[in-house]
Amino acid sequence: MPPSPPQSKAKAWYQALRPRVFTATYAPMGLAGIIAVADGVFHAGIFLLALVGTLLLQSAANLINEYADYRRGADRLKQAGQGMTIKKKILEPGSVRLGAIMATLAGCLIGLYLLSQSGPLLWVIGVGGVLVAVTYTAGPFPLAYNGLGEIAVAIFMGPAIVVGAYYVMSPSVADARIGELCLIALPIALMVAAILHANNIRDMEADRAVNKRTLAVIFGIRFARAEFMLLVLGAYIAQAAVIALSLMPAATLLTLVTLPEALRLIKIFNTSTAIPLLHQAQGRTAKLHGQIGLLMVVGWSLSLALPGT
């Protein structure tokens, strides 16, 4: 395709990094932070380092995705989507690849420092996170091309971040608490998977044409629509269950103010095949994920400031 109109390199890199999905880091990190505050183990400096390191690894994953999808031809038939700066001839493939390598190395360096301040559990979480970032769309068995994208993202952008961020602030955390943290992270895990799945519904036909076997491509549109509904509504149901288990304060049900938007998004994905509308809805799904995470943190903060709420 012909080159797009000239634009600044800074704006192009901003597009390639896909910051509107950084909620995938902010939401679980915020949740880990407020739990640490509630437990009296919050450490601002370590928390900020963990946040920066996680953002770097997410940025690396986004750049690897940008580069690998271009090399595999997955962007060739897409009508809408984030990034695609290589396809539009704004950034060179080599530059994006180098950016991905630098972001990965920077994230790993921060991870190694945090490891020196915590313990061996971070090895498992850190190595797993790096492997997912690299193999999501790259390597001989890319996860996103083999129906494993939602599962990988739900685990490593949900419980893994919450447990990891809490653990670096409190390495002596008991095994039982780790299990509780995984349950608390479940609503966030389901919603971050919904962001990816929304992307896959939008790109179904383009992905099918290049044999990118997402769950939407493998099982078809009826299954894909049901999965999106299950992921989004499941986030609210999971939160109610976590509250019922007394692992999260009832004040976090502030998230229910977002339920009308969740239902609107489900209706769009259940009824529309228009790529521009689905692209907009995918962005709104990312925004919904961020709002749910933020309202959980706000509600938990209120419960700490106003006991009994």
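Which side chain does Asn199 join in a polar contact of 2.5 Å? I looked this up in a predicted model, where local features need pLDDT of at least 70, side-chain atom pairs count only at pLDDT 80 or more, and totals for chains, interfaces and linings use all residues. I number residues from 1 along each chain as its sequence is written, and side-chain values use heavy atoms, with hydrogens and water left out.

Entry: Asn199. I found its partner to be the side chain of Arg202, at 2.5 Å. A polar contact is a pair of N or O atoms within 3.5 Å; within protein, one must be able to donate a hydrogen and the other to accept it, and residues adjacent in sequence count only if both atoms are side-chain atoms. Asn199 sits in helix 9, residues 186-202. Helices (H or I, at least four residues) are DSSP runs, numbered from the N terminus. I note Asn199 as buried, because its relative accessible area is 16% (buried is under 20%, exposed over 50%, with a 1.4 Å probe and protein chains only).

Entry: Arg18. I placed Arg18 in the loop between helix 1 (9-17) and helix 2 (23-39). Its phi is near 60°, positive in a residue other than glycine. Arg18 is buried, at 12% relative accessibility.

Entry: helix 12 and Ser246. I followed helix 12 to a bend of about 30° at Gly234, the bend being the angle between axes fitted to the seven residues ending there and the seven starting there. Just after helix 12, Ser246 has a positive phi of about 65°. Ser246 counts as exposed because its relative accessibility is 64%.

Definitions and conventions:
Helices (H or I, at least four residues) and strands (E, at least two) are DSSP runs, numbered from the N terminus.
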